[in-house]
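Here is a short briefing to read alongside the structure. Take a look at the model first, and then walk through the topics below.

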Amino acid sequence: MTTSPYESLVHAISDASLIGASASILSWDQETMMPEQGVELRSRQMAQLARLSHEALTKPAIGHLLSSSESSAEVKECPRRAASVREMRRDYERSSKLPARLVEQLARVASTAQHEWAIARKNSDFKHFLPHLNQLVELNREQADCLGIPEGGERWDALADGYEPGCRAAHVEQVFLPLRVRLQKLLDEVRGSKVSPSDRFNQTKFALEGQRSLMRFAAESLGFDFARGRLDESSHPFCGGSHCRDVRMTTRYKESCVNDALGSTIHESGHGMYEQGLPFQHFGTPLGQAVSLGIHESQSRLWENQVGRSESFWRWIAPNLASHLGNVADGFSSAELYGAANLVEAGFIRVESDEATYNMHIMVRFELERALIGGSLDPKDLPEVWNAKYKEYLGLTVPEDRVGCLQDVHWSMGAFGYFPTYTLGTLYAAQFFEAARKAIPGLDEGFAKGEFKPLLVWLNENIHVHGRQFLSGELCERVTGSPLSAEPFMRHLEGKIRPLYQLV
Ligand code: ZN
């Protein structure tokens, strides 16, 4: 039996993807397990794998297979295969525009920079990180020029397109500006309220051992499959791994606030369950991959906020707390716990922020990275401008860079154009959840009984199983019947915050 061009193409792409999958395990290892002195050789390993992966994915044979697949009847007549080839073509064109030298250099610099960023963050020493940031901004500007600036667009767009296909700064700005005005108004009302939920739970210390046991219990109960994944610790929570049967997620712990670890764990479980829901038989090819980072984030935010910060979730978990955290946890009613999980308070740290202020953190980062890549902001001035924005948007005076511009890992990884996907994901999450509620009777009541499976199955069937068959906008319309809008998110937020703070 002869192999068709499409079959050969799928085989070649899947095979080439093994290199990236191996690199992602090494990258997970670097953040969780690797001894400190491993970094020098690890940077070389990462650079070599990035080069090999790039070589394998851009070799001329793949270009030929793409062309012959595109004209074949088996692709033209099957929407799923056609979508797969469309996405492989997109990846191929994008990668082919980047010289191998640049790919390798970016990987090497990013691996070192990440290590140095962790040191800089620990010591709150921006100057220590600055030379690396300079290099990363320069290399990313070069990368954007190689990829090509879309017509009528800007450098930042070329980078963002790698995370969220078709994403443009001008469009993001159009979504963000009115959203900021509405959030600002709500935050002002919250600040003016005389009522506030109790913070007692967030102020209670719980031993880390108990917290670890609770996190595993929560992730497993929501539906994360530990036979196909792990939960470890890192300074910045993330979800990685090599494929849907080997998902590596991390969280982080603070003795003084169990909700920090819980929020991060549920968030990463959302990412992890998306990865586990992708079809294994399509490993390494678009039909086995996530649509975009915005859609990925919709899954993590949905579990974190629509589920993990819901009243019914707390009714379920409240009686389960003491067996992990000790008897002190029995002193809190589910209503008090629900309030504590939904306190609105402007803080410095994005990953610890509440739903009302979260997007403000993203807006700051979007504006700053757009300026860094566009060239209007010199990296050396980053702390000053960062702090000014925090004052303006959140009314906060940043005391040190550790809780300011050094808090996130993204730029140290060389990821510019990534941040807005968090807010886009937050908006998608609310819209998807409204659709799930319509489709699944008694969804919220089920959470109170620990029934999370109907939601996971719905997400599996409506979102995960398609891989990249549909682009994010198309997927949103298919699943919810409408294009992306901020309305479901504002309904969700106002519906929760107004009663808690007794706002009219
Ligand atoms: Zn996330």
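In this predicted model, the chain is split into domain 1 (5–148) and domain 2 (169–203 + 268–500). Their C-alpha centres are 26 Å apart, and the contact between them draws 34 residues from domain 1 and 34 residues from domain 2. The points below go from the metal site to the core, the aromatic rings and a few individual residues.

**Zinc site**

- The zinc ion has His267 (NE2), His271 (NE2), Glu297 (OE) and Glu297 (OE) as its donors, at 2.1 to 2.8 Å.
- Along the sequence, these donor residues follow the spacing H-x3-H-x25-E.
- His267 sits in helix α11 (residues 258–277) and Glu297 in helix α12 (residues 293–307), so this pair ties together parts that are 30 residues apart in sequence.
- Why is the arrangement of the four donor atoms irregular? The angles they subtend around the zinc ion run from 49 to 121°, whereas four donors count as tetrahedral if all angles lie between 85 and 135 degrees.

**Nonpolar cores**

- The largest nonpolar core holds 134 residues, and Trp303, Val307, Phe313 and Leu455 have the most contacts inside it.
- Which helix gives the most to this core? Helix α16 (residues 355–374) does, with 11 residues.
- Domain 1 (5–148) and domain 2 (169–203 + 268–500) both supply residues to this core, so it lies between them.
- Beyond its neighbours within four places in sequence, Trp303 is in contact with Leu222, Ile266, Gly270, Met273, Gly308, Phe452, Leu455, Leu456 and Leu459.
- There is also a second, separate core of 12 residues, with Ile62, Val75, Val85 and Tyr92 among them.

**Aromatic pairs**

- Searching the whole structure turns up 22 aromatic pairs.
- One of these joins Phe201 and Phe332 edge-to-face, with 5.1 Å centre to centre and 75° between the planes.
- Phe201 belongs to the loop between α9 (169–192) and α10 (208–222), while Phe332 belongs to the loop between α14 (322–325) and α15 (334–341), so the pair ties together parts that are 131 residues apart in sequence.
- Are Phe201 and Phe332 buried or exposed? Both are buried.
- Phe224 and Phe226 make another pair: their ring centres are 5.1 Å apart and their planes are at 80°, so the pair is edge-to-face.
- Phe224 is buried with a relative accessible area of 2%, and Phe226 is buried with 15%.
- Ring pairs also link Phe201, Phe206, Phe217, Phe313, Trp314, Trp316, Phe332, Phe433, Phe447 and Phe452 into a cluster.

**Phe452**

- Phe452, a member of that ring cluster, lies in the loop between α19 (443–448) and α20 (453–462).
- This residue is buried, with a relative accessible area of 1%.
- Phe452 and Val307 are 145 residues apart in sequence, yet their C-alpha atoms are 8.9 Å apart in space.
- Setting aside neighbours within four places in sequence, Phe452 is in contact with Ser221, Leu222, Trp303, Val307, Phe313, Trp316 and Phe447.

**Tyr428**

- Tyr428 lies in helix α18 (residues 420–439) and counts as buried at 6% relative accessibility.
- Which residues does Tyr428 contact, leaving aside its neighbours within four places in sequence? They are Glu164, Gly294, Ile295, Ser298, Ser472, Gly473, Cys476 and Leu484.
- Tyr428 and Cys476 are 48 residues apart along the chain, with their C-alpha atoms separated by 7.4 Å.

**Positive phi values**

- Ser124 has a phi near 50°, a positive value in a residue other than glycine.
- Where does Ser124 lie? Its place is the loop between α6 (100–123) and α7 (126–147).
- Gln502 is likewise not a glycine, and its phi is positive at about 50°.
- Gln502 lies in the segment after α22 (487–500) and counts as exposed, at 59% relative accessibility.

Note on methods. Residues are numbered from 1 along each chain as its sequence is written. This is a predicted model: local features need pLDDT of at least 70, side-chain atom pairs count only at pLDDT 80 or more; totals for chains, interfaces and linings use all residues. Side-chain values use heavy atoms; hydrogens and water are left out. Donors are N, O and S atoms within 2.8 Å of the metal (3.2 Å for Na, K and Ca); water is not among the atoms, so sites may look incomplete. Four donors count as tetrahedral if all angles lie between 85 and 135 degrees; four count as square planar and six as octahedral if opposite donors are over 155 degrees apart and all others between 65 and 115; anything else is irregular. Helices (H or I, at least four residues) and strands (E, at least two) are DSSP runs, numbered from the N terminus. A nonpolar core is a set of buried Ala, Val, Leu, Ile, Met, Phe, Trp, Tyr and Cys residues joined through side-chain atoms within 4.5 Å. Buried means under 20% relative accessible area, exposed over 50%, partly exposed in between (1.4 Å probe, protein chains only). Domain bounds come from an automatic or database domain assignment. Contact means heavy atoms within 4.5 Å. Rings of Phe, Tyr and Trp (its six-membered ring) pair if their centres lie within 6.5 Å; planes under 30 degrees apart count as stacked, over 60 as edge-to-face and the rest as tilted.
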